[in-house]
Each structure stands twice: as structure tokens, then as C-alpha cells.
Amino acid sequence: LKKLTIEAEPNQTYIVRIYNSTGPEYFVKRIIGVPGDKVRIENGRVYLKKMGESTFEEADELYLNEENRFSTHFQKFKGDNEFEVPMGHYFVLGDNRNHSNDSRHWFSPIDEGHSPYVSEEDISGRVLIVLWPPDHLRLIPAAALTEE
């Protein structure tokens, strides 16, 4: 039995590496919503309602650059821009919001085996350092990610 534990500060997002054994590649994305959270995308901004809370709060996404800040867009159907993260899954977004292959784009599955939410079994690690481009070289402050 594999258990994913993310020890984190409240109201922060963390970058993780995602891999699905049925797919050919890895993705590096930020966890925005955890099991039980509701995520809303509206007017280019991301809002989060934590499980047990009654109101949405705008996500503090200061890590996004000028081009991508306030540029998160998605509309599955008219007026349908809210997502409840199921247990054992995560809602993820990439930092390059205008061109990211992330949970927003995984709502049109090829078959029933696909979901816009990332299963905890498909999270394989966390990002520790940005190497490319060289002028953006930096360590990523992140929570401890452990498996039991």
C-alpha cells in the first residue's frame, strides 16, 4: 500500500512530478487543489475553497511571471468553471498558464480510464531545482513529500 504525505504550510502550492505508467512522459505541475477542495477558475484567476470552509479565497500565485499572472482560463461548459477534487486525487496547473497541459485540459478523456485529476499513485516526486533556462536557475522551496 502506497501512501502520499505532503507536509506543508497552509495556503501554499508545491511543484510535483507526475507520471502515469500508461503515458509516455512526465509532467511538472503545481498542486492547486487537494482531496476535498473546490477549485474555481474565473476571469483569469484561481480561487480555492478548502474542505470544510464556506467561502472561496483567491489563490496567492506570486510565483507566476507577468505574462501568466491572472491568465488562467478555462470553461468546460457555459458557466461550468468549478471543480471538486475527489479523494485520492489532486488538481494541478502548470506555471506557463497560456500553454500548459494540465488539469484544465484533461476534461476531454480519450476513454473512461482518464481523469482531469491526478491520482496520488501518479505523483512520483517533488521538484527541487529549476535548471532551465540557465538565467532562471534556482532552488524550489517545497514541502516534504514522503511515501509510507
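Predicted model: local features only at pLDDT ≥ 70, side-chain atom pairs only at ≥ 80, totals over all residues.
Strands here, labelled E, are DSSP runs of at least two residues, helices are H or I runs of at least four, and both are numbered from the N terminus.

Residues are numbered from 1 along each chain as its sequence is written, and side-chain values use heavy atoms, with hydrogens and water left out.

The chain has zero helices and 13 strands. It is 148 residues, and 38% of them count as buried; buried is under 20% relative accessible area, exposed is over 50%, and partly exposed is in between, with a 1.4 Å probe and protein chains only. The accessible surface comes to about 9400 Å², with 52% of that belonging to carbon and sulfur atoms. Those areas are Shrake-Rupley, 1.4 Å probe, and for residues only the protein chains shown count as cover. On contacts, meaning heavy atoms within 4.5 Å: take those with a separation of 6 or more, and 60% of them come from residues 24 or more positions apart.

Now the sheet. Which strands make it up, and in what order? It is an open sheet of four strands, ordered E6-E5-E4-E7, with antiparallel pairing. E6 and E7 stand at the edges with a single partner strand each, so one side of each has no neighbour in the sheet.

Let's walk across it. E4 and E5 are antiparallel and share five bridges. Arginine 40 has tyrosine 47 in E5 as its bridge partner, and glutamate 42 has arginine 45 in E5. Keep an eye on tyrosine 47, as it also stands opposite glutamate 58 in E6. E5 and E6 are joined by two bridges, again antiparallel. E5 is mostly covered, with four of its five residues buried.

The E4–E5 hairpin has two residues between the strands, and asparagine 43 there takes a positive phi near 50°, although it is not a glycine. Is that asparagine buried or exposed? Exposed, because its relative accessible area is 69%. Phenylalanine 70 is another non-glycine with a positive phi, about 65°. It is placed in the loop between strand E6 (57-58) and strand E7 (82-84), and it counts as partly exposed because its relative accessible area is 43%.

With a relative accessible area of 25%, lysine 38 is partly exposed. Beyond its neighbours within four places in sequence, lysine 38 contacts Tyr47, Leu48, Lys49, Phe56, Glu82, Phe83 and Glu84. Lysine 38 and proline 86 are 48 residues apart in sequence, yet C-alpha to C-alpha they are 9.4 Å apart.

On to the inside. In soluble globular proteins, nonpolar side chains tend to be buried together. A nonpolar core here is a set of buried Ala, Val, Leu, Ile, Met, Phe, Trp, Tyr and Cys residues joined through side-chain atoms within 4.5 Å. What is in the largest one? Eleven residues: Ile32, Val39, Ile41, Val46, Leu48, Phe74, Phe83, Val85, Phe91, Leu93 and Tyr117. Strand E4 (38-42), strand E5 (45-49) and strand E8 (89-93) each give two or more residues to this core. Another core lies apart from it, with six residues, including Ile31, Val92, Trp106 and Val118.

Back in the largest core, take isoleucine 41. Leaving out neighbours within four places in sequence, isoleucine 41 is in contact with Thr72, His73, Phe74, Asn81, Phe83, Phe91 and Arg104.

Leu128, Ile129, Leu131, Trp132, Leu137 and Leu139 make a nonpolar surface patch of about 730 Å². Patches use residues with over 30% relative accessible area and no salt bridge, joining like charges within 9 Å and nonpolar side chains (Val, Leu, Ile, Met, Phe, Trp, Tyr) within 5 Å; a salt bridge is a side-chain nitrogen of Lys or Arg within 4 Å of a carboxyl oxygen of Asp or Glu.

Terms used. Pairing = 2+ DSSP bridges.
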